[in-house]
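Dear colleague,

Please find the structure below, handed over for your own work. My notes on it come directly after.

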Amino acid sequence: MHLTWLRSDLRINDNTALSAASERGPTIALWLVSPGQWQAHDDAACKVDFWLRNLRDVRQSLEGLNIPLLIRTIDTWDQAPHAVLEVCRQHQVQSVHWNEEYGINEQRRDDATRVLLEKSGIQAHSYLDQLFFRPGTLLTRSGGYFQVFSQFKKTCLEHLHRSLPAMAHRVKRQAPLQIDSDPVPHHVEGFEIPAQTLREHWPSGEAEAQARLSRFLDETIDDYQSLRDLPAKPGTSQLSAYLAAGVISPRQCLHGALASNRGEFDSGSTGVQTWINELLWREFYKHILTGYPQVSRHRAFRAQTEALPWRDAPADLEAWEQGRTGFPIIDAAMRQLLHTGWMHNRLRMIVAMFLSKNLLIDWRKGERHFMRHLIDGDLAANNGGWQWSASTGTDAVPYFRIFNPVSQSQRFDPDGHFIRHWLPEMCKVNRKSIHEPVKSVDLFANTLYQHPIVDLSSSRQRALEAFKGLPRRQD
């Protein structure tokens, strides 16, 4: 008997570990419910619910292949090795197969599980699955991990030109086993069931993920480069939650994008090239997570930025979290997050820079708020994005480049459609006034919307002075 340990790979197709296990012989699958660990990681309730909904779809698909799905509950990952071993002993399992995950806690869990299994005479096999390249295999000439995305991307593309990552073999139906699948819980204590409107925004299942990919490739990807920055337009793939939970693989995305562009990486559709670029940013941040473990420990990538004089301003932080800053584009974005579990990527940069620069509040507080609400919350991407915006990370935006939320709003939501959707109190405000109501001659706009909690000019100056006061970087 062989065991596949499912984690952030909630799919049947192109699942490397599941495919490898099933090729060896009769296979069972395991999922561990670990609420204490999820709370420690600030995993959002909507994300946990999304996992469970997708797990029910996986269970049904596995049953069609006669592969039973077992569910075990532990509190934290410290208990994972013994939980896996117990299942192995119960079902005379010879080998355990899992897809690699990245981050300090994930690696410690997997290393401890491997040691315990091998001590018990059970083989442990791990596989590259959620990335194109295993961290540590793409290095600079000096033998270190890349810190600059453009150099990392160039090396990735050179390798991909030579050889595309192959898809896993299709899992075949096996002979029935006398083992029943366990029921998937509908709810985990400590994680509220999200509103039905949010769940409807993110239907579960591989079929949904594949349909979204197909729609994006057929209807949107050629215009992706121009549409991706416009939050009022459906210009993105809306696949991030499915990628984070492993309902779709990056290989499936890459193969699909290339097929729509005659196999070309650097010619043809600029939209395809730009979207592949985004897949490689995702890859880059997971390599950073492995190569520079301090980012898993809530530390700044650039050590000297730990000396920044962050403000302790709980009222400002709460106003930002709830979408009450007095800047319409910021408030609309924060309300989109609260209602849908997702935020448009351009807006993630705008609101992150506003918190870390204009409000001079520690980026970690924003990173945590995002993780507690994002259905696509992913440590590597979330941390990478926040440290980029706060100018504390690898290949980050220069500290003196601070987005102005008003000009960003005018540029990327010129007619105010996005703002009106999420701020119904602004629905009658005219196009010119909607981006900065406080300076409007429209009395309706002025009285209806709250006063900004910070002055953009003086707060920008404050941020510049804070960064200028840091000790010089030591390379």
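This is a predicted model: local features need pLDDT of at least 70, side-chain atom pairs count only at pLDDT 80 or more; totals for chains, interfaces and linings use all residues.

Residues are numbered from 1 along each chain as its sequence is written, and side-chain values use heavy atoms, with hydrogens and water left out.

Nonpolar cores

A nonpolar core is taken here as a set of buried Ala, Val, Leu, Ile, Met, Phe, Trp, Tyr and Cys residues joined through side-chain atoms within 4.5 Å. Buried stands for under 20% relative accessible area, exposed for over 50%, and partly exposed for values in between (1.4 Å probe, protein chains only). The largest core has 122 residues, and the members that touch the most others are W31, L62, L69, Y242, W275, W320 and I330. Helix α12 (residues 270–291) supplies the largest share of this core, ten residues. Helices (H or I, at least four residues) and strands (E, at least two) are DSSP runs, numbered from the N terminus.

Leaving aside residues up to four places away in sequence, W275 touches L213, F216, I221, Y224, S237, L239, C253 and A257; contact means heavy atoms within 4.5 Å. A second, separate core holds 23 residues, including L70, V84, W98 and I179.

Aromatic contacts

Rings of Phe, Tyr and Trp (its six-membered ring) are paired if their centres lie within 6.5 Å; planes under 30 degrees apart count as stacked, over 60 as edge-to-face and the rest as tilted. Searching the whole structure gives 25 aromatic pairs. In one of them, the ring centres of F50 and Y242 are 5.2 Å apart with the planes at 80 degrees, so the pair is edge-to-face. Because F50 lies in helix α3 (residues 45–64) and Y242 in helix α10 (residues 240–244), the pair ties together parts that are 192 residues apart in sequence. F50 counts as buried at 0% relative accessibility, and Y242 is buried with a relative accessible area of 0%.

One aromatic cluster is formed by F146, F149, F152, W281, F284 and Y285. A charge sits over a ring if NZ of Lys or CZ of Arg is within 6 Å of the ring centre and within 35 degrees of the ring normal. R7 lies over the face of W5, 4.5 Å from the ring centre, and R109 has its charged end over the ring of W77, at 4.3 Å from the centre.

Helix α14

The expected span of a helix is 1.5 Å times one less than its number of residues. For the 13 residues of helix α14 (residues 328–340) this should be 18 Å, and the end C-alpha atoms are 18 Å apart, which agrees. Eleven of the 13 residues of α14 are buried, so that the helix is mostly covered. Among the elements covering its buried residues are α7 (196–201), α13 (314–322) and α15 (345–358). Just after α14, G341 takes a positive phi of about 75 degrees.

Salt bridges

A salt bridge is a side-chain nitrogen of Lys or Arg within 4 Å of a carboxyl oxygen of Asp or Glu. By this rule the count is 26. D14 pairs with R251, with the closest N and O atoms 3.1 Å apart. This pair links distant parts of the chain, D14 being in the loop between β1 (2–5) and α1 (16–24) and R251 in helix α11 (residues 250–259), 237 residues apart. Both D14 and R251 are buried.

R368 forms a salt bridge with D42, again with the closest N and O atoms 3.1 Å apart. R368 lies in helix α16 and D42 in the loop between α2 (35–40) and α3, so the pair ties together parts that are 326 residues apart in sequence. R368 counts as partly exposed at 40% relative accessibility, whereas D42 counts as buried at 10%.

Backbone

Most residues other than glycine have a negative phi. N66, not a glycine, has a positive phi of about 65 degrees; N66 lies in the loop between α3 and β3 (69–73). H298, also not a glycine, has a positive phi of about 60 degrees and is found in the loop between α12 and α13.

With kind regards
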